[in-house]
Amino acid sequence: MQQLADSLLQTGFLQGVPTEAGYALVIAFFAFVLLNFIMLIAGVTSWLERRVWARIQSRVGPNRVGPQGVIQWLADGIKNIMKEDIVPAEADRPLFKAAPYLAMMGFFATFAVIPFGDGLVVADLNVGVLYITAVTALVVVGILMAGWASNNKWALLGGIRSAAQIISYEIPAGIAVITVVLFTGSLSMQTIIRAQGWAPWDWFLFANPFLCIASFIFFVSALAEGNRTPFDLPEAESELVAGAFTEYSGLRNLLFFLVEWGNLYVIGALYTTMFLGGWQIPPITEQPVIQGVLQFATFFAKSYFLVFVAMWIRGTLPRVRVDQLMTLCWKYLVPITFANLIGAMIWFVLFPNGLAIMRFAMFALGVAVTIYFFSRILFHLRRARPRLRLNPIS
Amino acid sequence: MSTAGIEIGLERETPAGLETEEMTLNMGPQHPSTHGVLRFVVKADGEVMRRAIPDIGYLHRSIEKISEKVGYHGFMPYTDRVDYVSAMQCNQGWAMACEKLASIEVPRRGEYCRVIACELGRIASHLISVGTTGMDIGAFTPFTHALRERERINNLLEELCGARLTFNYMRIGGCAWDIPPGFVKRASEFVEQFEPLIDEYNELISFNKIYVERLANVAIVPAEMAIAWNLVGPNLRGSGVKYDVRKDVPYSVYPELEFDVPVGTGERGTLGDSYDRYMVRMNEMKESCRILRQALGGIPEGPVIAKVPRTFKPPPGEVYVRVEASRGDMGWFVVSDGTAFPARTHIRTGSFSAMAIIEELSKGLMIADLVAVIASLDIVAPEVDR
């Protein structure tokens, strides 16, 4: 992005403007573009989630606004903006009002380093992964603040749960990330992607067993950090009303949901970056524009596949209890990730350049598991079809 | 300290050196998972409950008093509202009480119609129960899938009596309407298609690891405790006590029908835990299918309602009849003074006693468990207050 700003300044597009102000202008412009892009992503994800969830539950879901209800999120947004902004009388007003923006900030900042393509990244920080881990922790502050400021015991419980949960799950997630960093030697998102290839067997997911385990642990921890089912305790509808967001209404409530759905995409993007080869595409064209578009599409498709998996999990699994959540983290995930990290280190010492046969074996295993999985689904579908008619009126 | 008229004095053991303050949480009556309008005053130490005190009365409609003013025939629609999730059995309880008062014999076809309607109602009620258990634990899919099947039952019952929730199907001396043409075929079809679906629900949710972890070993009610606290129906059977009014105090044509009484086995945890109560309901739906199959196959010809005078004046006396409603032994106590209006009616319901035990069970559970316990005890607010 800096090159872009430089080139703009050099071409005289910003004639007569001081260099620093020029940079600021360019940054502000791109921040605005990115913000809208994020809104779009979060909105479409919300629509997608509701549709996917509805299909899993044999419902229809929103299908009225636009084709297949695809701009339902826009209608919801307008509705929420026009709603009354209620601040409870006993609430801590400044904190109550600031909380959604803080959560929003934490999530918005992650997009700065998400690489959508070879050159399509706002800032390729050399501490990219670490940066993401750091800024997503801001979301906790927002949620905790919301829980505290609402002056509602249910909200407070939700906020405390959220803080405990996210801080705990940062550890297995962080160590899973370190496992990846071990093999790339860099924290930069682009370097991590460039260390992988376009072919599935060149992905870190299949590189060796330790990275595969790390990938699963990362996904589970990321779900927990993103407050997704089965770890959606901070806003457990059936227990805590709406958790930390109980007292929020209108736009502020919407911002929290924006964070939730946007975070879902961030989870998918991070996983794609670290384990699924990111934007890597087969070398089919030299045309930079087409290449860029293809890279963007690849990255998008991969991350949305993971978003879909998260939705699928949400439609399938119940919620764990607080103590079970902590047990899972501290008694299982943390020891497993540490053992896994040590295993990965040994592997790295033994095969510093990777083991090709292992890659293919892991890939074959992955394919076999996928085939078995879908054959089971097919089996159940076939078994159920004669009985499950679409029309319930027999 | 007083909370809504309930005096609460709690002794609390404090760990040495660590002082925490107890928190009073108000759960309900508008809490999303309190199945209607229940209210609990929760004394919690962080996430751990010290005590959850049920506060009832938010859905009191004086149904018992109404019976004294509307007469015997006129009270039938009100009985639907006693437990609107399984209204058929309430209908039957009132009808049976009146029939016993006036010594009326119900035609056999009428009894079969009642059994068919009741068992369909039982499946519908249990579907809601298991669905909401899933929903309270955070899995929404089983709920919608359960309601999808319940919709078919509602369609069947709509054919039968024109209503989908508050049926008002039974009359003193029989049923209001005969089964419509083609009903037996459609109902049999439903039973055949529904029974394998129970296994599918089990695969979908009952054997799910998280689900089992959430329910097993939570809120254990040993058999003696269940009897002492007067639990009935699936809650009692979940504790391993084989008591079913249909078997032990037979009524209607149930003695002619073959079915088992599923009891809790402690298959995933301890006998009498929430999971057992849940599984009893699952298994009871299978038994209801068995009953339905026999009843639909063996339905005799004849009238569905006995001749009952329009002004129903039973001789003076008092009766107590029991029916096995979806939430257990439902008792109807009716006193007649020889006039066209009952002198006193009392309804004894399963949810009421289940509500009482929550205070005992809640000690030491997590707040998240409270909703699981409410769901596993299958408490329906209107039945608590009447």
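Modeller: Before we look at this predicted model, one cut-off is needed, namely that two strands count as paired if DSSP finds at least two bridges between them.

Colleague: What makes strand 8 and strand 9 of chain B a pair?

Modeller: Strand 8 is joined to strand 9 (residues 328–336) of chain B by 9 bridges, and since the criterion asks for at least two, the two strands pair, running antiparallel. One of these contacts can be named, for B:Gly317 has B:Ser336 in strand 9 of chain B as its bridge partner.

Colleague: Why is one side of strand 8 and of strand 10 of chain B left without a neighbour in the sheet?

Modeller: The sheet is open, with 3 strands of chain B in the order 8-9-10 and antiparallel pairing. Strand 8 (317–325) and strand 10 (342–348) of chain B are therefore at the edges, where each has a single partner strand. On average, and with direction ignored, neighbouring strands of this sheet are turned by 15 degrees against each other.

Colleague: Which helix of chain B lies across strand 8 and strand 9 of chain B?

Modeller: Helix 3 (residues 87–102) of chain B does, and its direction makes about 150 degrees with strand 8 of chain B.

Colleague: Why is helix 6 of chain A called roughly parallel to helix 12 of chain A?

Modeller: Helix 6 (residues 153–184) and helix 12 (residues 322–350) of chain A pack at an angle of about 10 degrees, their axes being 9 Å apart. Angles under 35 degrees count as roughly parallel, which makes helix 6 of chain A roughly parallel to helix 12 of chain A. Their contact comprises 20 nonpolar, 5 polar and 1 charged residues.

Colleague: How many residues of chain B are in contact with chain A?

Modeller: There are 37 residues of chain B in contact with 28 residues of chain A. Among the elements giving two or more residues to that side of chain B are strand 3 (23–27), helix 4 (108–136) and helix 13 (367–376) of chain B, and by class the residues of this side are 16 nonpolar, 10 polar and 11 charged.

Key. Residues are numbered from 1 along each chain as its sequence is written. Chains are lettered from A and ligands numbered from 1 in the order in which they are written. This is a predicted model: local features need pLDDT of at least 70, side-chain atom pairs count only at pLDDT 80 or more; totals for chains, interfaces and linings use all residues. Helices (H or I, at least four residues) and strands (E, at least two) are DSSP runs, numbered from the N terminus. Axes are lines fitted to C-alpha atoms, for helices over the stretch in contact, and angles run from 0 to 180 degrees between N-to-C directions. Two residues are in contact if their C-beta atoms, placed from the backbone, lie within 7 Å. Angles under 35 degrees count as roughly parallel, over 145 as roughly antiparallel, 65 to 115 as roughly perpendicular and the rest as oblique. Ala, Val, Leu, Ile, Met, Phe, Trp, Tyr, Cys and Pro count as nonpolar, Asp, Glu, Lys and Arg as charged, and the others, Gly among them, as polar.
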